[in-house]
Amino acid sequence: MALLPILEYPDPRLRTKALPVTVFDAALQRRIDDLFETMYAAPGIGLAATQVDWHQRLIVIDVSEQSDQREVFINPQILSREGQALGEEGCLSVPGIYDDVQRAERVRVRAQDATGKVIERDLEGILAVCLQHEMDHLEGRLFVDYLSELKRQRIRKKLDKERRERAAGRGGGASKRAPSL
Ligand code: NI
């Protein structure tokens with residue numbers, strides 16, 4: 001297994017639209033394992049392949065307290081949405097930034113598992129939010145796209161400054177308020 005570097009906003013590679021997964025083999029399973037390892041180490045509760053510069057429709061999620069409930073969604077499609085929920089989101093590709101985003105409260109999703117088997121699930125709560133957030137990544141969309149341009153400018157400046165400080169060996173880690181997806 002390997003820890004993979006996570007692309008950070010505004011890296012243009014995060015805008016790539018992912019392609020469907022067509023081969024379900026041992027190499028795919030290794031990619032899934034690497035995504036989980038990278039997500040847990042970050043730490044985060046969801047990761048889309050796009051974020052590690054793999055442009056395949058592949059998402060891993062684990063919203064459990066003990067980090068022992070792995071969820072894999074390959075080629076996901078949302079079949080229906082219900083309700084609306086406004087909640088604070090963060091993203092491993094936009095480190096240290098949190099803001100409110102409106103999402104559907106409940107979703108029904110069809111996807112494939114690591115073996116290619118088609119699954120259908122009804123998701124709600126943090127799991128529903130996480131899936132919608134990760135599916136945006138596969139389309140090249142980020143949660144900051146839902147914010148105002150003024151806010152995005154501030155975020156880019158803040159991340160730029162932090163990257164410069166990190167390069168100069170200064171500055172601590174970003175304080176975390178909510179789990180990142
Ligand atoms: Ni994200």
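Reader: Which residue in β4 does serine 80 stand opposite?
Author: This is a predicted model, in which local features need pLDDT of at least 70 and side-chain atom pairs count only at pLDDT 80 or more, while totals for chains, interfaces and linings use all residues. Residues are numbered from 1 along each chain as its sequence is written, and side-chain values use heavy atoms, leaving out hydrogens and water. β3 and β4 run antiparallel, and the residue in β4 opposite serine 80 is arginine 108.

Reader: How many bridges join β3 to β4?
Author: A hairpin through two residues joins these strands (strands are DSSP runs of E, at least two residues, and helices of H or I, at least four, numbered from the N terminus). Two strands pair if DSSP finds at least two bridges between them. For β3 and β4 the number of bridges is 14.

Reader: Which element gives the most to the largest nonpolar core?
Author: The largest core has 19 residues, and Ile59, Ile61, Phe73, Val107, Leu123 and Leu131 have the most contacts inside it (a core joins buried Ala, Val, Leu, Ile, Met, Phe, Trp, Tyr and Cys through side-chain atoms within 4.5 Å). At least two residues each come from β2 (58-61), β4 (94-112), β5 (118-124) and α2. With six residues, the element that gives the most is α2.

Reader: How many residues are in the other core, which includes Leu47?
Author: Leu58, Val60 and Val72 are also among the residues of this core. Lying apart from the largest one, it has a total of 16 residues.

Reader: Which residues coordinate the nickel ion?
Author: Donors are N, O and S atoms within 2.8 Å of the metal (3.2 Å for Na, K and Ca), with water not among the atoms, so sites may look incomplete. In sequence the donor residues are spaced C-x41-H-x3-H-x43-L. At 2.1 to 2.3 Å, the ion is coordinated through SG, NE2, NE2 and O, respectively, of Cys91, His133, His137 and Leu181.

Reader: Why are histidine 133 and histidine 137 separated by about one helical turn?
Author: Both histidines belong to helix α2 (residues 125-138). The separation is about one turn because their spacing in that helix is four residues.

Reader: What is the relative accessible area of histidine 137?
Author: Histidine 133 is buried at 2% (buried is under 20% relative accessible area, exposed over 50%, partly exposed in between, with a 1.4 Å probe and protein chains only). Histidine 137 is buried too, and its value is 0%.
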